[in-house]
Amino acid sequence: MKKNTKRKRKRRETSWTSNASFRTRGEHLPGPLCGILVGRFGCRVTMMLGGLLASLGMVASSFSRSLSQLYLTAGMITGLGMCFSFQSSITMLGFYFIRRRVLANALASMGVSLGVTLWPPFANYLLEDLGWRGTFLVFGGIFLHCCVCGAVLRPVATNTSPETGEDPSPPSKTPAHGCLATCGLVVRHHLAFDILWHNMGYCVYTLGVTWMSLGFLLPHIFLVPYARWHGVAEDRAALLVSIFGFCNIFLRPVAGLVVGRQRFASCRKYLFSLAVLLNGLTNLVCTVSADFWVLVGYCLVYSVSMCGIGILTFQVLMDIVPMDRFPNALGLFTILTGIASLISPPLAGFLLDTSNNFSYVFFMSSFFLISSALFMGGSFYSLQKKQQQGREAKAKGTISEATPVKGPTLEDKDGHKKHLCPEVMYVTSV
């Protein structure tokens with residue numbers, strides 16, 4: 001009887017996590033639309049529109065009468081607004097800062113850590129006092145503050161972009177003819193397909209992070225059900241997720257100061273791959289033991305790798321892509337990672353239902369994280385070697401050896417040739 005009760009509780013928790021993943025990861029899917037709005041109206045208007053949509057979705061959710069209506073209001077409308085607010089703020093951050101951009105990203109991402117730490121107990125408090133309808137109304141009022149945050153964004157000139165380590169996509173030399181060709185070029189530009197095709201660094205990074213997203217969210221979703229399944233008390237199990245956010249509040253500024261130094265500028269993508277690899281190896285701890293203090297140690301080590309991933313995800317993208325194309329590149333990047341994050345929890349829930357073993361979920365997470373880290377690290381190293389060889393070959397081809405050239409001659413009346421200039425001239429082309 002006790003075993004059947006556990007199974008019912010586990011299935012209820014996994015189905016809830018699937019619905020929550022639809023709501024939270026839907027904020028990344030409209031990324032290309034956000035890039036178009038940022039390019040047309042700017043970050044300030046886009047962020048204020050996002051705050052208005054997010055608030056409207058939460059308020060409409062309080063009047064919902066079915067789960068399908070919640071999918072529409074809390075999932076799609078609120079997710080669309082959060083996408084507009086989140087991506088426009090990240091883009092504006094890249095325009096504001098150049099030398100201290102890593103530290104700025106670290107300080108800005110502290111809001112995520114504060115939310116992970118404070119939002120669950122705050123939501124539980126509202127649910128107990130106001131019910132779920134009143135909680136949605138309060139959330140709508142909170143999301144409306146994004147309009148205030150967007151209003152204080154000062155527009156900056158975006159006609160120049162800092163240099164990046166990757167080659168930008170070359171402009172198309174062939175003019176477009178006809179409406180269909182024009183539409184194709186517009187879609188190709190706004191969806192950043194030209195960057196994906198010509199910039200191999202962006203291609204490798206986008207594919208690697210998309211593959212990583214299939215396993216990155218699983219510990220956040222299944223850690224609490226895993227601990228409760230093995231007899232950990234509910235309040236102690238909920239404390240485990242709060243450890244993630246609490247540690248990152250202090251770790252991210254320190255990591256931003258260290259990684260933001262100039263000596264680490266050329267190896268940030270390798271540090272990101274190392275953080276993903278550590279994250280995947282750490283998840284294997286949960287397959288060994290489910291003791292509470294073992295899980296606390298796991299959360300502490302996991303927080304270190306989560307800190308590295310959090311502060312470097314968008315910074316590496318800014319290093320690879322020029323800032324004038326960053327909104328479009330971010331749109332394609334987020335839509336691919338959003339699709340992966342949307343697919344991953346249901347797949348893990350199906351694996352859990354068929355195997356009845358939480359260890360397979362953490363094995364699945366480790367597989368995606370470790371394989372993506374090895375892929376990105378190896379690919380970045382190979383691209384760097386090819387770029388160095390190309391620069392060396394280009395330098396050797398442009399500098400030729402000095403060749404002696406004799407001066408002009410003049411023939412006299414006797415037929416003897418005389419040199420007008422006795423010196424030997426050397427011509428060197430660089």
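This is a predicted model: local features need pLDDT of at least 70, side-chain atom pairs count only at pLDDT 80 or more; totals for chains, interfaces and linings use all residues.

Me: Ok, which residues gather in the patch of positive charge on the surface?

Reply: That patch is formed by Arg99, Arg100, Arg261 and Arg263. A patch takes residues with over 30% relative accessible area and no salt bridge, joining like charges within 9 Å and nonpolar side chains (Val, Leu, Ile, Met, Phe, Trp, Tyr) within 5 Å.

Me: Where is Arg261 placed?

Reply: Arg261 sits in the loop between α12 (234-259) and α13 (268-282), where helices are DSSP runs (H or I) of at least four residues, numbered from the N terminus. Arg261 counts as partly exposed because its relative accessibility is 49%; buried means under 20%, exposed over 50%, and partly exposed lies in between, with a 1.4 Å probe and protein chains only.

Me: Switching topic, how many salt bridges does the structure hold?

Reply: The structure holds 1 salt bridge, meaning a side-chain nitrogen of Lys or Arg within 4 Å of a carboxyl oxygen of Asp or Glu. Its partners are the side chains of Asp319 and Arg268, at 3.3 Å from N to O. Asp319 lies in helix α14 and Arg268 in helix α13, so the pair ties together parts that are 51 residues apart in sequence.

Me: Is Arg268 buried or exposed?

Reply: Arg268 counts as buried, because its relative accessibility is 8%, whereas Asp319 is partly exposed, with a relative accessible area of 22%.

Me: What about disulfides, how many does the count come to?

Reply: The count comes to 0 disulfides, a disulfide being a pair of cysteine sulfur atoms within 2.5 Å. As for individual cysteines, Cys83 counts as buried at 0% relative accessibility, and Cys203 also counts as buried, at 17%.

Me: Now the backbone: what is the phi of Asn356?

Reply: Asn356 has a positive phi of about 60°, although it is not a glycine. For background, most residues other than glycine have a negative phi. Asn356 is in the loop between α15 (326-355) and α16 (359-398), and it is partly exposed, with a relative accessible area of 29%.

Me: Last one, what separates the C-alpha atoms of Gly111 and Asn248?

Reply: Those C-alpha atoms are 9.9 Å from each other, although Gly111 and Asn248 are 137 residues apart along the chain. Gly111 belongs to helix α6 (residues 110-143) and counts as partly exposed at 40% relative accessibility. Phe139 is also placed in helix α6, but Phe139 counts as buried, at 10% relative accessibility.

Notes
Residues are numbered from 1 along each chain as its sequence is written. Side-chain values use heavy atoms; hydrogens and water are left out. Accessible areas come from the Shrake-Rupley method with a 1.4 Å probe; for residues, only the protein chains shown count as cover. Lys and Arg count as positive and Asp and Glu as negative; His and the chain ends are not counted. The place of a charge is taken as NZ of Lys, CZ of Arg, CG of Asp or CD of Glu. Helices (H or I, at least four residues) and strands (E, at least two) are DSSP runs, numbered from the N terminus.
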